[in-house]
Amino acid sequence: MKKITSFTVNHLKLLPGIYVSRKDYLGTYALTTFDLRFTRPNYEPVMETSAIHAIEHLGATFLRNDLEWMDKTIYFGPMGCRTGFYVIFKGDLTSSDIIDVIKRMIDFILDFEGNIPGASARDCGNYLDMNLVIAMYYCDKFKREVLDTIREEILNYPE
């Protein structure tokens with residue numbers, strides 16, 4: 001079988017960043033999948049599942065309520081390897097195109113207080129497995145290492 005695209009990325013050189021993972025087309029509509037890499041694969045410990053789950057709920061809530069991006073947001077969720085998230089937007093986009101909305105999403109999570117949206121037995125299949133404090137730790141790390149230091153090497157996959 002042919003290797004899928006995400007398995008061809010050199011994870012030994014991959015840094016935390018914002019990468020275009022793939023582009024798909026449904027007729028004339030482009031869908032761009034982004035790799036929001038929060039930790040360095042095979043170098044740093046993987047993210048805690050409770051923090052990932054909190055980021056997933058808050059990130060998805062933010063994106064689906066953002067006036068500019070709500071109609072462009074297709075999906076936001078964690079990677080199986082627990083080193084970051086995938087976000088899929090409508091449009092033929094580049095990493096630079098989404099920096100602003102990702103900054104605002106991260107700031108939303110960092111400033112969040114109260115009950116996490118959807119964190120109830122009625123609304124979520126594992127609502128007790130969420131940790132906002134650790135989620136904020138990872139978001140602060142992503143902000144410092146990626147969003148505050150945007151550079152070419154963290155916007156394009158390594159060779």
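Two strands are said to pair if DSSP finds at least two bridges between them. Strands (E, at least two residues) and helices (H or I, at least four) are DSSP runs, numbered from the N terminus. By this rule, β1 and strand β2 (residues 29-37) pair in the antiparallel sense over nine bridges. The model is predicted, so that local features need pLDDT of at least 70 and side-chain atom pairs count only at pLDDT 80 or more, while totals for chains, interfaces and linings use all residues. Residues are numbered from 1 along each chain as its sequence is written, and side-chain values use heavy atoms, with hydrogens and water left out.

**The sheet**

- Four strands form an open antiparallel sheet, in the order β1-β2-β4-β3.
- β1 (17-26) and β3 (73-78) stand at the edges with a single partner strand each, so one side of each is left without a neighbour in the sheet.
- Within the pairing of β1 and β2, K23 has T32 in β2 as its bridge partner.

**The helix across the sheet**

- Helix α2 (residues 95-111) lies across β1, β2, β3 and β4 (84-90).
- The helix α2 runs at about 115 degrees to β1 (axes are lines fitted to C-alpha atoms, for helices over the stretch in contact, and angles run from 0 to 180 degrees between N-to-C directions).

**Residue Y138**

- Y138 is located in helix α3 (residues 132-145).
- Y138 counts as buried because its relative accessibility is 9%, where buried means under 20% relative accessible area, exposed over 50% and partly exposed in between (1.4 Å probe, protein chains only).
- Leaving aside residues up to four places away in sequence, Y138 touches F38, V46, M47, E48, A51 and I55, contact meaning heavy atoms within 4.5 Å.
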